[in-house]
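Please look through the structure below before reading on. The text after it goes from one chain to its contact with another.

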Amino acid sequence: MINIQDIRDTARDMLAKGEVRAVIGYRRGSRGMLAEPAFITSPEQADELVWDPTCFHNLSLYLVEDRKFLAHLKKNSDAPIAVVAKGCDARSIVVLLQEHYFKREDVYIIGVSCEGSGVVDERKLAPLLNGFQASNAVFAGDDFVFTTAQGEKRLPAREVMADRCLECRIPFPKEHNVVFGEDKTGRELAAPFAALTRFEAQGAGERWNFWSHHFDRCIRCFACRSVCPMCYCDECVVDSITFPVTPATTAEEKANRIRWIERSATRSENITYLMTRAMHLAGRCTDCGECERACPVNVPIRLLNNKMEREAREKFGFEPGASIGGPSLVASFLDSDPGDFIR
Amino acid sequence: MSEQYEPKIVAFLCKWCSSAGSDLAGVSRIQYPANATPITVPCTGAISPMYILSAFNKGADGVLVSGCHIGDCHYIEGNYLARRKMHLTMELLKFIGVEPDRFRMSWVSAAEGAKFAQVVTDFVNDLQPLGPQDKLKKAVST
């Protein structure tokens with residue numbers, strides 16, 4: 001069990017001593033039970049920090065934002081930023097460090113172990129609360145306790161936890177400066193890739209029907225891209241914004257510029273977008289599940305990322321975010337890589 | 001319809017091996033279907049999965065990636081990297097329900113003109129029963 005006071009004390013101490021310029025954590029949000037990201041810069045604010053089953057955000061995203069902000073100001077980081085990181089978030093940070101996006105000394109990782117549980121999935125919770133909104137959620141051993149207008153409701157964590165947390169095997173931030181909670185690596189609440197295995201048992205025709213339905217529904221709001229700490233490119237390949245149009249640009253040049261993907265939200269373009277995204281995240285996605293949670297039309301984006309993760313693990317023995325010095329998936333190879341598909 | 005369906009193939013050929021291999025097939029006067037549109041790339045390792053998705057997006061019925069045999073890469077390791085990337089791309093295409101025969105990869109050296117002709121012939125034969133690819137193709141509004 002994590003005592004939230006420990007996290008607050010750590011944050012307060014570090015800010016008071018000036019060891020970090022900010023602490024990124026979670027605080028009570030303005031919408032029901034949900035926590036929201038908190039950016040704390042003074043010791044007095046440390047008491048705002050919370051840790052509960054609604055802390056699903058991957059806060060490493062804000063390290064990326066900070067790095068971009070500093071680059072814009074043409075400044076270097078003068079002190080590290082402390083960030084509260086769950087197991088998956090810490091792995092995201094490791095991937096960013098692998099890619100030299102920022103330096104290890106620029107970040108102070110306050111690790112929190114999810115121990116035997118994880119974060120709640122609102123979509124699973126909603127039907128179990130008899131139409132009431134929860135105003136608070138807390139960890140209670142293997143259960144979550146939700147406060148609604150009807151009183152307290154205790155539910156087994158397994159029933160309302162996000163799929164990714166059920167399938168998670170390493171709910172512990174291995175890379176950390178300080179860590180709270182027990183290391184329960186190896187716990188198995190559900191078989192890894194359970195949802196993916198269920199999906200893959202179907203035939204190609206059924207898989208296509210499923211995906212074409214979802215690809216049709218995507219509205220290309222790019223929420224999945226915005227929420228992803230790995231989607232940090234300044235210029236995304238799917239935006240055709242990098243083509244400089246000047247008064248001297250001819251109509252022919254405009255017509256012939258490279259357009260990998262049109263911006264219209266049609267099926268073919270959505271497929272290309274989502275598949276490209278899956279390819280770009282292969283070996284980098286640490287399955288924090290934020291893309292799927294952020295999606296306003298519930299496209300099961302996680303399945304695509306999971307597929308890539310499983311291919312990488314089973315065929316190439318690759319684990320994303322395993323170590324800072326490790327190789328990246330598509331920039332390395334082994335003699336034993338499968339090649340039977342090649343004629 | 002008596003006429004047979006002619007699939008459109010986009011073939012990404014490495015400059016050092018398969019491109020020269022296709023050339024050899026030509027100068028040796030080997031007969032093979034004219035369905036493949038060759039695009040020469042410096043190395044198979046330089047092929048982004050985006051090229052393949054984009055080819056399908058723009059109406060290709062099949063995509064062929066062909067390069068040097070393992071160990072023969074002009075850039076030492078390009079085809080090893082390609083093997084990994086193309087494997088992932090292929091698995092992803094299969095995953096969403098695209099027919100596995102739509103994407104193919106082969107190793108064709110500069111001396112294997114006959115093999116190149118064979119690869120293209122086989123590919124066309126496998127694509128013909130599948131008909132036009134309309135899953136990933138851009139819908140053109142008229």
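The model is a predicted one. In chain A, five strands make up an open sheet. Read across the sheet, their order is β2-β1-β3-β4-β8, and the pairing is mixed. Which strands of chain A stand at the edges? They are β2 (35-40) and β8 (178-180), and because each has a single partner strand, one side of each is left without a neighbour in the sheet. From one strand to the next, the twist averages 25°.

Within this sheet, β3 (residues 81-85) and β4 (residues 107-112) of chain A run in the parallel sense and are paired over five bridges. Opposite Ile81(A) stands Val107(A), which belongs to β4(A).

Two helices of chain A pack on the sheet. Helix α2 (residues 60-73) touches β1 (22-28), β2, β3 and β4 of chain A, and its direction makes about 155° with that of β3(A). Helix α3 (residues 87-98) of chain A touches β3 and β4; the angle between the direction of this helix and that of β4(A) is about 155°.

Now to the second chain. Contacts link 31 residues of chain B with 29 residues of chain A. Which elements of chain B supply at least two residues each to the side that touches chain A? These are α2 (49-57), α3 (78-95) and β4 (103-107) of chain B. The most comes from α3(B), which gives twelve residues. Sorted by class, this side of chain B has 16 nonpolar, six polar and nine charged residues.

Methods: Residues numbered from 1 in each chain as written. Chains lettered and ligands numbered in written order. Predicted model: local features only at pLDDT ≥ 70, side-chain atom pairs only at ≥ 80, totals over all residues. Pairing = 2+ DSSP bridges. Helix = DSSP H or I, 4+ residues; strand = E, 2+ residues; numbered from the N terminus. Axes fitted to C-alpha atoms, helices over the stretch in contact; angles between N-to-C directions. Contact = placed C-beta atoms within 7 Å. Nonpolar A, V, L, I, M, F, W, Y, C, P; charged D, E, K, R; others polar.
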